[in-house]
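Hello,

Here is the structure we spoke about. Please open it alongside this note; my findings follow below.

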Amino acid sequence: VHAKYLYLLVWPRWLVYEYAFNAIPNVVSLTDPRNLWTILSYSSVVVGLLLMIKTGRNNSANISALWAALMGVICFIPSSGLLVNVGTMIGERLLFMPSMGFVMLVAILLCHPSDIFTPNADNKKKSNNMHIRYATLGLIGILTTLGGIRTWNRNKDWGSALAFYTSAAEAVPGSTRVWRSLGNERLTNEIYDDETEKLLKRSLEIYPNMTEAMHDLTVLYTNRGNIEESFKWGVKCVQVNSDGENCLTMVARNGLNLGKWDVVKKAADKCIEVNPESAACEYYLGGYFYMKGEKRLALEHYEKCCDLEPRGRQMSWKNAGILAKDLGMWERCVSRFEYLLEWLHEEKAATDYVNEITQLRASCASQIQKAA
C-alpha cells in the first residue's frame, strides 16, 4: 500500500474514488513480487534522506530539500496506518499534505540542480556545468508535457459519470464496487443491455456477497420483463442480507407479479420491520391482501402508503378509492379520487385516465347524495 502511495505521489496516472473491496489484493506471501516494490519504495526514501543529511551540512539547497522531504514523510505518517488504524485502504485525499512537501522537493531539485547533484564542487565548476543545466531544462520540459497531457485526459475522465467509472475500472480492475458503480450508472441512464448485465456480474465475481449489485440485477431484469430472473436475484440478495430494504422490496414486488403470495407477505412484513416508514412495502402488502380478498386490510395498507408518500404512487390512491367504494365508504372514496384528480391535473395526465378517475369519483359522490 505504501508503495502505491509513493507511485501516486510521483506519477498520479489515475485519480480513483474507490480503493476498497479488493481493489488492491492483500500480500499474503513473502514470494509475492510486489514485495520488491515495497522494499524499493522504502529504500528510496531512506537512502534519499540519508544522502541529503550527509551532504546538507554546508549546503543550503540540500538543507531545504531535506526539510521538504521530511515534511512529506512526517505528514504521511499519521495516515500511513503504522500508528493508528485508518478507515480506508488507500485515500488519495491523504496525500494532500505529503504532496506539498514533494512539490517543494521537486522545485528545489529543478532550481538548484548543481547544488544538489554536485555539492562539493567549487562555484565556478558548478556554473559551467552545462550538462546539468541542459538536463534540468529537458526534465522540466518532459514533466510539463507529461503532466499537461495527463491533466487533460483526467479532465475528460471527469466529463461524465460513465467516463469517470470507466477510468476507475481501468485503474483498479479488482474493485467490486467500481464495477457495480459502472453498471449502476448505466441503469440510471436506462441502459438495460448485455453490457450492463456483464458489468454487474463482474462485480459479483470479485465479491459474491455484493448485495447492491444483486439489487441492480433485479432492477435490470425487471426492466427487461424477465420477472422470474429478477425474483431469483432478489431472493439471493435477501439470503445474503435479510435486513436489506431494497432487496426485500423487489422480492415483494416480483412475488406479487408471480403470484408467490407467501413470499410477498414474508418479504413485505420484514421490510416494514426494518423500515416502518417504507411506503413501497405497505403498497405491496396492500396488493397481497387485495389478492387474498381481504379488502379492509388491503385498504388499510394502501392508505398507509398514501400517508407515508402522498405523491409517491398514483395507484395507491386509485386502489384506496376503489376499495373504499367496494366497502361502501363513500366519503373516503370521494376524498381519495379528488386528491388523485388534483395530482393528475397538475401533471397534465392523459385525458382517458382523468375521465376514468372522474367517473369513479362521481359514482361515489352520487351515493352520498342518495344517502342525503
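Lys265 is partly exposed, at 25% relative accessible area. Here buried means under 20% relative accessible area, exposed over 50%, and partly exposed in between (1.4 Å probe, protein chains only). This is a predicted model: local features need pLDDT of at least 70, side-chain atom pairs count only at pLDDT 80 or more, and totals for chains, interfaces and linings use all residues. Residues are numbered from 1 along each chain as its sequence is written, and side-chain values use heavy atoms, with hydrogens and water left out.

Lys265 forms a salt bridge with Asp269 (2.4 Å, N to O). A salt bridge is a side-chain nitrogen of Lys or Arg within 4 Å of a carboxyl oxygen of Asp or Glu. Both residues sit in helix α14, four residues apart, about one turn of the helix. Helices (H or I, at least four residues) are DSSP runs, numbered from the N terminus. Asp269 is partly exposed too, at 31%.

**The cores**

Leu285 touches Lys265, Ala268, Asp269, Ile272 and His301, leaving aside residues up to four places away in sequence. Contact means heavy atoms within 4.5 Å. What is the size of the largest nonpolar core? The answer is 23 residues, and Leu285 and Tyr302 touch the most other members. A nonpolar core is a set of buried Ala, Val, Leu, Ile, Met, Phe, Trp, Tyr and Cys residues joined through side-chain atoms within 4.5 Å. Helices α13 (245-258), α14 (261-274), α15 (279-291), α16 (295-308) and α17 (314-326) each supply at least two of its residues. α15 gives the most, with eight. Another core, of 20 residues, lies apart from it; Leu8, Trp14, Leu95 and Leu182 are among its members.

**Other salt bridges**

The whole structure holds 17 salt bridges. One joins Asp194 and Arg224 (3.2 Å, N to O). Asp194 lies in helix α10 and Arg224 in helix α11, so the pair ties together parts that are 30 residues apart in sequence. Asp194 is exposed, at 56%. Arg224 is partly exposed, at 33%. Asp194, Glu197, Lys201 and Arg224 are linked in a network of salt bridges.

**Helix α18**

α18 covers residues 330-347. Its buried residues include Phe337, Leu340 and Trp343. The buried residues of α18 pack against α16, α17 and α19 (351-371). Lys348 follows the helix, with a positive phi near 55°.

Best regards

Note on methods
The expected span of a helix is 1.5 Å times one less than its number of residues.
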